[in-house]
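Hi,

Here is the structure I promised to pass on to you. Have a look at it first, and then read on for what turned up.

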Amino acid sequence: MSFLSLASRNLFRQRMRTALTVVGIAVGISIVVALGAITGGTRQTVGGWLHLGGADFIAARRGSADFSFSTVTEKEWSEVAAMSGVRRATGILMRVTRHGSNPYFVLMGIRPAQLAQAPPELVSGRLLARGARDEVLLGSSAASSAGAQPGSYVTIDDKRFHVVGVYRSDDVIANNGAYAPLATVQALGRSPGLVTSVFVTVAPGVDPRAIAARVEETMPTLTTVSSVDDWGKVDQGIRIMDALNLAVTVLAFGLGAVAVMNTMIMAVFERTREFGILRAVGWRGSRIMRLVLFEAVLLCLVAAIIGTALGVLATRAVLLIEAVRGILEPAYSPGIFVRAVLIASAVGIVGALYPAYRAVHLSPMEALRHE
């Protein structure tokens, strides 16, 4: 009998106990996978938002608890735009409102002339006209949900807009949102002279980090965000998700290790006589230890496969909720699945160390007399 078949047979001796252990570990792994996919999707969305319109970085209000709460005055915006090395400084006012079944619809106020400088990919229609007040450019997902197309009308925030075009964006929030004239969005939000942030594009050959540092130095009330890792300066959401992800991983690891330890201790106790026979026929203690550890890791890898599948299914099920689908697209990077396998393997090894130690230190004669 091969090493693998022996380990497999031993695991199936107590099918119910093995199944319950696998289920427990699989649930923990599924939560780790689901949170990892959601966190990865959020980071991907933020990364796409940061570089909207080809921006190198954004300037926003320092210390904002949420990005949507950031406010930059037109005076500050003008100062950023006037800096040497800045090619383009586009002010955008975000207004989060309900539209149709999407409670997190983002209406982005922008000057039509600046939208034309770095336009999104048009699917149909045209861009906002200069001087327009009631025109809107819808993301393709938003247009699909509303059944709108160029020439039709939609009501957003109790204001009737004329749909002049539909665009496509890789950013899920932008694709489920819309562009409208800045003055109109400022009036809707009762925020005259304000934008949420300034999207800065530097001139060719200029280091964006140098410009960002100069912005923070000359305007202490503003901060700059160049990457997802800097997002915590203006929004605590990703930091909270990262902390939650770590906490769940540690919890899943601890509970999984305890479950494996309990299962393997019982298995070692029930197979005391078997281990005595193996020692009597020449098995070394190290080989018995490898057998116990291998059984535990095999059990956990099965749980990892099941848990990974459950985690993916859970995140896809969440996307059936239209409100969630409008702001999130889970990202299933290879690192998530590698992490699941590593956690499962570590759980198996740590949980089986003590049972393996007990199995190795059984006296062959005492084990053979065990009933």
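Close by in the numbering, the charged end of Lys159 sits over the ring of Phe161, at 5.8 Å from the ring centre. Please keep in mind that this is a predicted model.

Next, the aromatic pairs: a search of the whole structure gives 2 of them. In one, the ring centres of Phe67 and Trp231 are 4.9 Å apart; their planes meet at 40°, so this pair is tilted. It links distant parts of the chain, 164 residues apart, with Phe67 in the loop between β1 and β2 and Trp231 in the loop between β12 and α9. Phe67 is buried at 4% relative accessible area, and Trp231 is buried at 5%.

Tyr167 and Tyr179 also pair, with ring centres 5.2 Å apart and planes at 50°, so they too count as tilted. Tyr167 lies in strand β8 and Tyr179 in strand β9, 12 residues apart. Tyr167 is buried, with a relative accessibility of 1%, as is Tyr179, at 6%.

Finally, the surface. Met261, Ile265, Tyr354 and Tyr357 form a nonpolar patch there, with about 350 Å² of accessible area together. Helices α9 and α13 each give two or more residues to this patch. Tyr357, found in helix α13, is partly exposed, with a relative accessible area of 44%.

Enjoy exploring!

Best wishes

Notes
Residues are numbered from 1 along each chain as its sequence is written. This is a predicted model: local features need pLDDT of at least 70, side-chain atom pairs count only at pLDDT 80 or more; totals for chains, interfaces and linings use all residues. Side-chain values use heavy atoms; hydrogens and water are left out. Patches are made of residues with over 30% relative accessible area and no salt bridge: like charges are joined within 9 Å, nonpolar side chains (Val, Leu, Ile, Met, Phe, Trp, Tyr) within 5 Å. Accessible areas come from the Shrake-Rupley method with a 1.4 Å probe; for residues, only the protein chains shown count as cover. A salt bridge is a side-chain nitrogen of Lys or Arg within 4 Å of a carboxyl oxygen of Asp or Glu. Helices (H or I, at least four residues) and strands (E, at least two) are DSSP runs, numbered from the N terminus. Buried means under 20% relative accessible area, exposed over 50%, partly exposed in between (1.4 Å probe, protein chains only). Rings of Phe, Tyr and Trp (its six-membered ring) pair if their centres lie within 6.5 Å; planes under 30 degrees apart count as stacked, over 60 as edge-to-face and the rest as tilted. A charge sits over a ring if NZ of Lys or CZ of Arg is within 6 Å of the ring centre and within 35 degrees of the ring normal.
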